[in-house]
Amino acid sequence: MRLRRSGWMTVALLAASLWWYGVYASRRVEPEIPTEICFVAAPTPYDPRSGTAPDAPRAIPPNARCPVCGAFPSRAPDWAAQVIFADGDAYFFDSPLSLFIYLRNLPRYAAGRKSADIAAAYVRAVGDGRWIAALQAVYVWGSDVPGPMRRGNLPAFRNHTDARDFITRHGGSVTGSAGITAERLRALEPSQPHPAGRHT
């Protein structure tokens, strides 16, 4: 069966189109996917009607987001932490780990704020769940218990006795807030392997 001239032209145009699409597709540049997502969490302002002091620990608002990872701290209240600035603004965190990442990288997560502007910081104590001052708490580094979102942990305790009881069951080592160095934080971040079993 012979194709008419118009049929041959249609076939030729189709072949040329397919060739051009192949050339274009091979040269097309894929969009660059960012390796880091910028998340800005809104502060929770102080409410004078709350009946609490401006620098006292506050209840976690259900819609508060962690400024480090974007999680909702209210969904893991036993791990939560918070920081309160002198102007009354509070930020809530999914864990002490996120709190210390924030404190060590304040210009990155809170542009325009300084460490001197912080009025108080609190973490939840393992066991009774009460708020305790973050700088006075005792922490366990490197246990086998993952924190929220299955990431590295840094559980907080009221005293060394409670921390050592936890270590008996889950491993790790005791450290104070001064021992939570930038190097340790990098080791605990989710992109790094979990340090269970490592002791320093």
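Predicted model: local features only at pLDDT ≥ 70, side-chain atom pairs only at ≥ 80, totals over all residues.
How many disulfides does a search of the whole structure find? The search finds zero disulfides, a disulfide being a pair of cysteine sulfur atoms within 2.5 Å. C66 is in no disulfide, and its nearest cysteine sulfur, that of C69, is 3.8 Å away. With 0% relative accessibility, C66 counts as buried, while C69 is partly exposed at a relative accessible area of 25%. Here buried means under 20% relative accessible area, exposed over 50%, and partly exposed in between, for a 1.4 Å probe and protein chains only.

Residues are numbered from 1 along each chain as its sequence is written, and side-chain values use heavy atoms, with hydrogens and water left out.

Turning to the sheet, four strands form an open sheet in the order β2-β1-β3-β4, with antiparallel pairing. Strands (E, at least two residues) and helices (H or I, at least four) are DSSP runs numbered from the N terminus, and two strands pair if DSSP finds at least two bridges between them. Strands β2 and β4 (131–133) stand at the edges with a single partner strand each, so one side of each is left without a neighbour in the sheet. Strand β3 (residues 118–124) pairs with β4 in the antiparallel sense over three bridges. In this pairing, R124 stands opposite W131 in β4. R124 also lies over the face of W131, at 4.1 Å from the ring centre; a charge sits over a ring if NZ of Lys or CZ of Arg is within 6 Å of the ring centre and within 35 degrees of the ring normal. R184 lies over the face of W141, at 4.8 Å from the ring centre.

Aromatic rings come next. The structure holds six aromatic pairs, where rings of Phe, Tyr and Trp (its six-membered ring) pair if their centres lie within 6.5 Å, with planes under 30 degrees apart counted as stacked, over 60 as edge-to-face and the rest as tilted. The rings of F85 and Y91 have centres 5.9 Å apart and planes at 85°, so this pair is edge-to-face. Y91 and Y102 form a tilted pair, because their ring planes are at 35°, with centres 6.1 Å apart. Y91 lies in strand β2 (residues 90–93) and Y102 in helix α2 (residues 96–104), so the pair ties together parts that are 11 residues apart in sequence. Both Y91 and Y102 are buried.
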